[in-house]
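The sequence and coordinates come first.

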Amino acid sequence: MATTQTSFPVDQRHLKSFGPISTPDRLLLGPGPSNAHPSVLKALALSPIGHLDPFYVDLMAEVQELLRYAWQTDNRLTLPMSGTGSAAMEATLANTVEPGDTVLVAIKGYFGHRLADMAGRYQANVKTINKSWGEAFSIDELEEALSKYRPSILAMVHAETSTGVCQPMDGIGDLCHKYGCLLLLDTVTSLGGVPLFLDKWQVDLAYSCSQKGLSCPPGLGPFTMSSLAEKKLENRKNKVPNWYLDVSLLNKYWGSDRVYHHTAPVNMNFGMREALRLLAEEGLENSWNRHRKNAEKLWNGLERLGIELHVPVDLRLPTLTTVKIPEGLDGKGFTLHLLNNYGIEIGGGLGDLAGKVWRIGLMGYNSTPENVDKVLNLFESELPRFKQNFSVAA
Ligand SMILES: Cc1ncc(COP(=O)(O)O)c(C=O)c1O
């Protein structure tokens, strides 16, 4: 038998005894990821094909067309970035921000801060306006800031996952264009679950993720830009300072040239195609109504149990509900209790809301009345016991 000649003995120190992978059963009712739809998982498990295979090239076009439907946009440059939502977030800024551009970020939660951080890394002159975590911006507040700062881009989050607030969008696009600025919108926790009309709202740049309302695992970040945003990209004085996320390069692969840029995560795109197909099969309005109905069932049920919600009803997100942790209760302990004993994940608070709220997600495949009943039953049966046995005050 032939043996491989090596110069050194193989170092075995990192070699432990590893069994094949298996994962625990989890119902993911936190801020994301959400459970993937079984037929999406099946699509992910297909055998990979080449990223320039004609079959795959057709599939890419289908994914783009389905994304346009999901976002209600005709934008030519609509594609899934290889990476999570943050990669697509970064792509919106990397492609359009030039050093010294004023970027106004309307911050009302954790992900607004991330946008401001990223814009600064691309040497934007970052200006911010802030709302407390649980509120949304009024059109007057935005107009005041636009007229004061005259930014090239207004960036904001539609569905703030850290607070459970849905930003009303009426009139914001008009306002931005009146002030000659692009509108950049984070739709990570809204795509598929909350009404979104990118073209009607005149949104110029948007991004999302695969792992929430689309019922797919994390790994792709849908991205889109309007023709106005494309013009800003075309008129750049310098190259996009991020090779991987440069849409002018990526479009040579996603557009008609089909020139290799990077090896596409083909299986993730199989999953994305199936997730978007399922959304189209259900119909956007049906999906939005389902999310709304199940969220209302959760809100009413929690309120019947005497549990307070953090956000006023008119601003509440159907995909993510922030629930006030009752005074004196160990919120983190309770979420661990649900995870360890019932396999149910709900989230804790982030940033300003850390330790103050739980975050319950009902997204995509997981937005069902049965899942709402599971949560409500557990809150009803476990919370009082938990208060007695584990309360910080006790
Ligand atoms: C509103 C919002 N924006 C951006 C992100 C970042 O997405 P990812 O974690 O997929 O990179 C998240 C993640 O949950 C989010 O909720």
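## Burial of Phe223

A residue is buried if 20 or more other C-beta atoms lie within 10 Å of its own. The model is predicted. In it, Phe223 has 28 C-beta neighbours inside 10 Å and therefore counts as buried. Phe223 belongs to strand S10, which spans residues 220–225.

Leaving aside neighbours within four places in sequence, the contacts of Phe223 are Leu79, Met81, Ala88, Ala91, Thr92 and Tyr207. Asp314 lies 91 residues from Phe223 along the chain, and the C-alpha atoms of the two are separated by 28 Å.

## Helix H8

Which residues of helix H8 are buried? In H8, which covers residues 247–254, they are Val247, Leu250 and Trp254. Seen down the axis of H8, the buried residues fall within an arc of 60 degrees, so they line one face of the helix. An α-helix has 3.6 residues a turn, so residues three or four places apart point the same way.

## Packing of H2 and H9

Helix H2 (residues 54–71) packs on helix H9 (residues 266–282) at an angle of about 40 degrees, and their axes are 9 Å apart. Angles under 35 degrees count as roughly parallel and those from 65 to 115 as roughly perpendicular; H2 and H9 are therefore oblique to each other. The crossing of H2 past H9 is left-handed.

On the H2 side, the residues in contact are Tyr56, Leu59, Met60, Glu62, Val63, Leu66, Leu67, Tyr69 and Ala70. On the H9 side, they are Val266, Asn269, Met272, Arg273, Leu276, Arg277, Leu279 and Ala280. By class, the contact of H2 with H9 has 13 nonpolar, 1 polar and 3 charged residues.

## Arg359 in strand S14

Is Arg359 buried or exposed? Arg359 has 24 other C-beta atoms within 10 Å, so this residue is buried. Arg359 is part of strand S14, residues 357–361.

Not counting residues up to four places away in sequence, Arg359 touches Gly30, Pro31, Gly164, Leu320, Thr322, Ile346, Gly347 and Gly349. Leu276, one of the H9 residues that meet H2, is 83 residues from Arg359 in sequence and 25 Å from Arg359 in space, C-alpha to C-alpha.

How values were computed
Residues numbered from 1 in each chain as written. Predicted model: local features only at pLDDT ≥ 70, side-chain atom pairs only at ≥ 80, totals over all residues. Axes fitted to C-alpha atoms, helices over the stretch in contact; angles between N-to-C directions. Helix = DSSP H or I, 4+ residues; strand = E, 2+ residues; numbered from the N terminus. Parallel < 35°, antiparallel > 145°, perpendicular 65-115°, else oblique. Left-handed = near helix turned anticlockwise from the far one by under 90°. Contact = placed C-beta atoms within 7 Å. Nonpolar A, V, L, I, M, F, W, Y, C, P; charged D, E, K, R; others polar. Buried ≥ 20, exposed ≤ 12 C-beta atoms within 10 Å, placed from the backbone. Arc of directions from axis to C-beta.
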